[in-house]
Amino acid sequence: MQILAALLLDAVFGDPKWPPHPVTLVGRLISFYEKLFYSAADGKRRGVVFCAAVLATVAAAVTAGLSIAGLFGEWGRSAFSIYLLYAALAFRSLKDESFPVATALSSGDLQRARLLVGRIVGRDTERLDAAAVTRAAVETIAESYIDGVVSVLFWMTAGELVGQAALFAWLFKAASTMDSMVGYDDERYHDFGWAAAKLDDALNFIPARLGALIAVCAGALANMDYRRAWRIFLRDRLKHKSPNSAHGESVFAGLLGVSLGGGAFYGGEWEARPTLGDDLREPEPNDIIRAHHILNLSTAICAVLIYAIVRRLY
């Protein structure tokens, strides 16, 4: 039950503070290979080679690390595997990063709330009002619930089926980190980042839909309007340029009874985006806490499902 042990560690302690976080190391690796392979000419082919190099190196590093840990016995290999699984999860960090936003808004400190939410979202935050700050925080929780929790747990469990939970988890994390660093549809990365973006879309395809269904179930357990959430999910889940991003957001919007998404400024440029959910009321700071409650229950459901699957295996 290494996956559940890792999830418990993450729920209690959050991101490991020492040694350097593996995501940081993967980011450095990606930057190294980008410098090595990037070219405006033949960008797509070079981007495919870049992705392959990153994934192969991460796979080799994880395998080597587990082998070295295994020299200390099975307990050493198990302990290192649990650490890798724990470090791959972002359940607690989602709450740790967004809770101060709710606290600042509740105390009336809009300027601090803008600063805090600016650390976890990509949009410009200087001109956001309190409702927009809340909306941005909830959107981040809803979207990251998929790629930071459900997708990671999904690929861990898939890896467990072949005895490689840590390897599968970090191959996914490497793909996700590549997408966040080079998967942009802009002048520099339109071609070079194409493979990274498509790979991330493919790896999140099933988890996004599964995670949305789990969130609807979590809403039912929390006595929220899960019927409205289901209706809005079916209506709005594809209202995003990404094939996966609106799945979690549409369910959270339906459960909370607010609208999410919509246009925003990014780097000073206005970017129009569809609105998800029904605008029944203005978002309020407590919606961030309600989103945490959905996240908690959804993650608990994931844990139960993983327990059932792994127990059946062994």
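A residue counts as buried under 20% relative accessible area, as exposed over 50%, and as partly exposed in between (1.4 Å probe, protein chains only). By this scale Asp42 is partly exposed, at 40% relative accessibility. The model is predicted, so local features need pLDDT of at least 70 and side-chain atom pairs count only at pLDDT 80 or more, while totals for chains, interfaces and linings use all residues. Residues are numbered from 1 along each chain as its sequence is written, and side-chain values use heavy atoms, with hydrogens and water left out.

**Loops with a positive phi**

- Most residues other than glycine have a negative phi.
- Asp42 is not a glycine, yet has a positive phi of about 55 degrees.
- Asp42 lies in the loop between helix H2 (22–37) and helix H3 (43–70); helices are DSSP runs (H or I, at least four residues), numbered from the N terminus.
- Asn223, also not a glycine, has a positive phi of about 60 degrees.
- The loop that holds Asn223 runs between helix H9 (194–221) and H10, and Asn223 is exposed, with a relative accessible area of 73%.

**Nonpolar core**

- The largest nonpolar core has 91 residues; such a core is a set of buried Ala, Val, Leu, Ile, Met, Phe, Trp, Tyr and Cys residues joined through side-chain atoms within 4.5 Å.
- H7 gives the largest share of this core, 14 residues.
- Phe50, Val54, Met156, Trp170 and Phe252 have the most contacts inside the core.
- Leaving aside neighbours within four places in sequence, Phe252 is in contact (heavy atoms within 4.5 Å) with residues including Ile141, Ala142, Tyr145 and Leu260.

- Leu85 is found in helix H4 (residues 74–88) and is buried, with a relative accessible area of 0%.
- Leu85 and Gln2 are 83 residues apart in sequence, but 7.9 Å apart in space, C-alpha to C-alpha.
- Not counting residues up to four places away in sequence, Leu85 touches Gln2, Ile3, Ala6, Met156, Ala165, Ala166 and Ala169.
- In helix H6 (residues 110–117), the buried residues are Ala113, Arg114, Leu116 and Val117.
- These residues lie on the same side of H6 because they cover an arc of only 165 degrees around the axis, taken from the directions from the helix axis to the C-beta atoms.
- Helix H5 (91–106) and helix H7 (130–160) are among what covers them.

**Aromatic rings**

- The structure holds twelve aromatic pairs; rings of Phe, Tyr and Trp (its six-membered ring) pair if their centres lie within 6.5 Å, and planes under 30 degrees apart count as stacked, over 60 as edge-to-face and the rest as tilted.
- The pair of Tyr184 and Tyr189 is tilted, because its planes are at 45 degrees, with the ring centres 6.2 Å apart.
- Tyr184 is partly exposed at 42% relative accessible area, whereas Tyr189 is buried at 12%.
- Tyr38, Phe50, Tyr184, Tyr189 and Phe192 form one aromatic cluster.
- Lys44 lies over the face of Trp194, at 4.7 Å from the ring centre; this requires NZ of Lys or CZ of Arg within 6 Å of the ring centre and within 35 degrees of the ring normal.
- Arg209 lies over the face of Phe205, at 3.6 Å from the ring centre.

**Asp236**

- Asp236 is found in helix H10 (residues 226–236) and counts as buried, at 0% relative accessibility.
- Leaving aside its neighbours within four places in sequence, Asp236 is in contact with Ala246, Ser250, Thr275, Leu276 and Gly277.

Technical notes
Helices (H or I, at least four residues) and strands (E, at least two) are DSSP runs, numbered from the N terminus.
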